[in-house]
Amino acid sequence: MGVPIKKAQAKKELLDRIKLDSNKLSQALIHPVSEGTFSAVVSFAYNLGFGAAAKVAEKLNSGHSLDNVKDYFMSFIHAGGVVNKSLVKRRKIESSLII
């Protein structure tokens, strides 16, 4: 277990990470995307690391359909090799933002 931190510090760290991932994503994308799609990919990056989000950016940059991108999101629903209901729910929410 990590070192406990105050709520204000946790919020600052969260916002710093979102800003960092947003900046990286802005640099990685060569085509404009909707605000919802951008937010979904930033959430994906926060949960899985920017490497996974970079793959999404590659798909978007190379013209993959948004349905293909949603399918990619939905491939990240396993924990310990088993489908995790919470991850399914999270990926569905993120995918719903991709328009």
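Reply: Lys85, Ser86, Lys89 and Lys92 are the exposed residues on the face of α5 turned away from its buried side. Exposed means over 50% relative accessible area, buried means under 20%, and partly exposed lies in between, with a 1.4 Å probe and protein chains only. The areas come from the Shrake-Rupley method with that 1.4 Å probe, and for residues only the protein chains shown count as cover. The model is predicted: local features need pLDDT of at least 70, side-chain atom pairs count only at pLDDT 80 or more, and totals for chains, interfaces and linings use all residues. Residues are numbered from 1 along each chain as its sequence is written, and side-chain values use heavy atoms, with hydrogens and water left out.

Now the other side of α5. Leu87, Val88, Arg91, Glu94 and Ser95 are its buried residues. Seen down the axis of α5, they fall within an arc of 130 degrees, so they line one face of the helix. The arc is taken from the directions that run from the helix axis to the C-beta atoms. These buried residues pack against α2 (35-48), α4 (66-74), β1 (78-79) and β2 (82-83). Helices (H or I, at least four residues) and strands (E, at least two) are DSSP runs, numbered from the N terminus.

The length of α5 fits too. Its twelve residues, 85-96, should span 16 Å at 1.5 Å a residue, and the end C-alpha atoms are 16 Å apart, which agrees. The expected span is 1.5 Å times one less than the number of residues.

Phe44 is buried, at a relative accessible area of 0%. Not counting residues up to four places away in sequence, Phe44 touches Gly49, Ala52, Ala53, Val56, Tyr72, Phe73, Phe76, Arg91 and Glu94. A contact is heavy atoms within 4.5 Å. Two of those partners, Arg91 and Glu94, are among the buried residues of α5. Thr37 is also found in α2. Thr37 counts as buried at 1% relative accessibility. It touches Leu60, Leu97, Ile98 and Ile99, again leaving out residues up to four places away.

Next, the loop between α1 and α2, where Val33 lies. Val33 counts as partly exposed, at 28% relative accessibility. Aside from neighbours within four places in sequence, Val33 is in contact with Phe38 and Leu60. Leu60 is also touched by Thr37.

Asp21, Ser22 and Leu25 are its buried residues. Seen down the axis of α1, they fall within an arc of 105 degrees, so they line one face of the helix. They pack against α2 and α3 (50-61). Asp21 and Phe44 are 23 residues apart in sequence and 9.8 Å apart in space, C-alpha to C-alpha. On the other side of α1, Ala8, Lys19 and Gln27 are exposed.

Last, the surface. Leu14, Leu15, Ile18 and Tyr46 form a nonpolar patch with about 330 Å² of accessible area together. Patches take residues with over 30% relative accessible area and no salt bridge; like charges are joined within 9 Å, nonpolar side chains (Val, Leu, Ile, Met, Phe, Trp, Tyr) within 5 Å. A salt bridge is a side-chain nitrogen of Lys or Arg within 4 Å of a carboxyl oxygen of Asp or Glu. The largest share of the patch, three residues, comes from α1 (residues 7-28). Ile18 is found in that helix, and Ile18 is partly exposed at 32%.
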